[in-house]
Each structure stands twice: as C-alpha cells, then as structure tokens.
Amino acid sequence: MKYRQTLLAASLSLLLGGCSLLQPLVGPDYRLPELRLPQSWLRAEPAAMAAPAVDPATWWRQLNDPQLDGLIEAALQSSLDLRAAQARLRQARASRSQAVAGLAPSVGASGGASRSKSASEIAPNATVNTLYQAGFDASWELDLFGGTRRGIEAANADLAASQASLDNTRVSLVAEVARNYVELRGYQQRLAIARANLASQAETLQITQWRNEGGLASSLDVEQARTTREQTRASIPDLQNGLVAAENRLAILLGRQPGALQAELAATKPLPLAPDSVAAGIPADVLRQRPDLVAAERTLAAETARVGQKIAARFPSLTLSGSFGWQAYGLSALGGSGTLARSLAGSLAATLFDGGRLRAQVEIQNAVQEQALISYESAVLTALEEIENSLYAYAQARERVSARRAAAEAAQNAALLARSQYESGLADFQKVLETERTRLTAEDNLASAETTVLTSLITLYKALGGGWQQPAAGEGKA
C-alpha cells in the first residue's frame, strides 16, 4: 500500500511539473523591431542594376577567374578565422543543450557499506555489524515561472547569433580573398606597365646619347632622359612590395604560411573582367540576408529573454526530491522486500529580503536589452549607409575607367608622335620626355582604376551580404 502511495505522489509531482510548463512566462515576449526601410536604393543606376539575378552565394563566379574560384574554395576549407567561428558555434550548441537540461530532473545512483562495533557490560564481547546500502536519488526544480524556459529561449537566440556570426565570417573571408587577389593582379599589371616604360625610356636614353655624340642633342637632354628613366625605376620597388603583401595576405587567409602561394601566383595574369551590372535587390530583402544584422537581431532576442529570466529569479522556487533504495546487514539480502527504503520531499524557497539585489539585476538586464536594441538599429543604419556608398562608388569607378582608358590611348599616341618627330628633328627633346611621363602616368592610372572597379564590386557584394549562403566544406562538423 505504501509503495502505491509513493508512486501516486511521484505521479502527482510529475503532473505538477508538467502543468508548470503550461504557465505563462514572466517577462517581456520578444517582438521583432519595426524599422522604416527605403523602398529602393538612392544611388542605384537603373541601367547598371537591370541585370539578371546573380546567385549571392557565389557572386565571385561573375569574374570568370578559375584561379580565384580555387583560392576561395580553399579558404572556405582551411581558414583559421572560419575554424574559430565554427568552434564558437559548437560552444553555443553545447550551451543550449546545457540550458535545456535544466528542465529535466537530476537522477543519481549510490551504493556503500558501513561497519559499526558495539559492546556493553552485559555483553562485553563486541558485536560487529556491516550495513549495505544501494539506491537512487532524484531532485527536480520545477520551472513554475519560466526562468528555465526563458534561459532556453535565450540560448536558442544565442545559437542563431553564433550561426549568423559564422556566416558573417564567411562573407568577410570571401571578400578579403577576392580583394587581395584582385590587388595582386593589379600590382602585376602596374609592374608590367612600369617595366615596359622603363625599357622604352632606356631606349630613349640610348638614342639621346647617340645624338649627343653626333652633336644633335645636348648633355642636358641626356641627363633629363636619365632622370626620367631612374624615376620610373624607383617606382618599381613600391609596386613589388604591394604585390608581395597581397600574396602573403592571401596565404594567411588560406591558413598557410607567408610565401606558400608564391609559385602558384607567380605568373602574371590580367585582371578579371568586371560585370556590366549588379543584382542589388531591394533594401528589405538585402537586410534580411546580411548575417551581421541577423546576429545583432538574435542577440537582441537573447537579451530580451534574459529579462524574463532575471524576473523569474525574484519568485519562489519549488524543488521535489526523492530516494528509492535498499538497506540490509547482508549483501545477499539487498533487494528483498524487507530492505526497501524510500522517501519523497518537496521544498519551497523564496527570498524575503536581499537589499534590492534581485530587483537591481532586472534593471541591469533591462539596460542590457536596451543597448542590444540600439545596437541593432545602429547596425541597420550602418548597413544602409555601406550599401548606398558602395553602389555609388562602383558606378563612379566604372565611369573613371572609361575616362582613363581614353586618356591612356591618347597619351600613348602622343608619346609615339613626339618620339617620331624628335628623331626627325621636328620636335625638341622636352616634348618627348613630357609625353613619356604622361603616358606612364595615364597607363598606371588606368590599371589602378580597373583594380578599383573590381575592389568596389567586391565591397558592394560584401555590403549586400553575399557569399555566406553556400555551406563551407566541413561545416556539418561545426
């Protein structure tokens, strides 16, 4: 009969615990903030934006550069930053499991033996008794006011924020690999231009020396030609430094040592071709796909849930505990009907006075939640600013390339004409030097402008949040 009463009491406690889960939670319920977003981008040019939709997961494939594709795939597999973000995601998953475990009872098993010795005047010989014990203990704190459930809600939001942070790391990684690759190819183009001009200027110096020996040019012309050549030579080390820095940065992004990509990237190749248009989308869709904004919004949700968790701490807590086991003076007797021992207890605890500590914790968390809200709103405005600036910068960069290409063609023609006229005695040497310097500047400016178009495109797609939707190799293990 007593055993049945124990089972009935345990069943009632389970029912009470289940009913507690149906109670309304204390604290505010999270709602997504309503933000006023523009209907379209202010700086988006219709002609440039009227392109077929581009898959944001692989936007870099528009550049049609297989080597860039390979570098990005390698970075997604071995980047140290990405591996660190994956480790943080695993940590968030474990924290969520820990929070969920708070809803379940804690059950343990124990066993032991104790020996006692007693003696008296009537029975002077000591009697030795050994008591054997084995059983199970359980305790369960019921979630009456939802503190544990609010903790789980916060842990779920933290997990989503960690996933979004991983996605944001992938966005930044893809953009940085593409940017450094483009800069490396740009430095290669500028080096090729400088070396070609250096060879041309060396030839001009040689011709000037011959003319000087023949009495057709002055020593001043020779020294001016030498000055122009050496100035061009002096520009080459800076370009080489930039190339090596971009090459080493690419190696680090791929999780390798500096110099590991030297042989792979040694061959000079042209810059990738920028597409004629960009799939910018509409602001509302773009902001939903930016992972940094998702992370900020989920952080806000987590801090909102923690307000309820702090409020619940001010309410009473109910804990049920019980034990079920056996006690006997013989090991073989354990498990018999006469050795059964059981107990069931419940305790209700509440804080009556703490000097306002728990109330202050609620106020602190309210302030933290407000900060998270402000951070989210600020992140949205910053994202809008980045996209608008990137759209405008990309459009202006394309116009700059068109103008500098025309300038470079004109400068090249002028240099050829001046040199031909000088050799024919129809122009002075100063005109030759001036046109050669102009040609070098114009060609270098064109190469820089073409590089800037591509880096502006990369910055734009990073601002649009592209590049995270494709799972990286090994992500399932994160």
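Analyst: Before we start, a helix here is a DSSP run of H or I with at least four residues, numbered from the N terminus. Keep in mind that this is a predicted model.

User: Okay, so which loop does Asn 64 lie in?
Analyst: Let's start with its backbone: phi of Asn 64 is near 55°, a positive value in a residue other than glycine. As for its place in the chain, Asn 64 sits in the loop between helix 2 (46–49) and helix 3 (66–78).

User: Is Asn 64 buried or exposed?
Analyst: The cut-off for exposed is over 50% relative accessible area. Asn 64 has 65%, so Asn 64 counts as exposed.

User: Are helix 4 and helix 5 roughly parallel or antiparallel?
Analyst: The axes of helix 4 (residues 80–100) and helix 5 (residues 147–213) come within 9 Å and cross at roughly 170°. Angles over 145 degrees count as roughly antiparallel. So helix 4 runs relative to helix 5 roughly antiparallel.

User: And how many nonpolar residues does that contact of helix 4 with helix 5 have?
Analyst: Sorted by class, the contact has eight polar and six charged residues. The nonpolar ones number eleven.

User: What span is expected for helix 11?
Analyst: Helix 11 covers residues 429–463, which is 35 residues. From first C-alpha to last, helix 11 reaches 50 Å, close to the expected 51 Å.

User: Which elements give two or more residues to the lining of the second largest pocket?
Analyst: This pocket has a volume of about 290 Å³ and is lined by 13 residues, with Arg 405 and Glu 450 among those nearest its centre. The elements giving two or more are helix 10 (357–423) and helix 11.

Technical notes
Residues are numbered from 1 along each chain as its sequence is written. This is a predicted model: local features need pLDDT of at least 70, side-chain atom pairs count only at pLDDT 80 or more; totals for chains, interfaces and linings use all residues. Side-chain values use heavy atoms; hydrogens and water are left out. The expected span of a helix is 1.5 Å times one less than its number of residues. Axes are lines fitted to C-alpha atoms, for helices over the stretch in contact, and angles run from 0 to 180 degrees between N-to-C directions. Angles under 35 degrees count as roughly parallel, over 145 as roughly antiparallel, 65 to 115 as roughly perpendicular and the rest as oblique. Ala, Val, Leu, Ile, Met, Phe, Trp, Tyr, Cys and Pro count as nonpolar, Asp, Glu, Lys and Arg as charged, and the others, Gly among them, as polar. Buried means under 20% relative accessible area, exposed over 50%, partly exposed in between (1.4 Å probe, protein chains only). On a 1 Å grid over the protein atoms alone, a cavity is a set of points where a 1.4 Å probe fits but cannot get out, and a pocket is an open set with protein on both sides within 12 Å along at least five of seven lines; lining residues have an atom within 4 Å of a point. Grid points are joined across faces, edges and corners, and a volume is the space filled by probe spheres set on the points.
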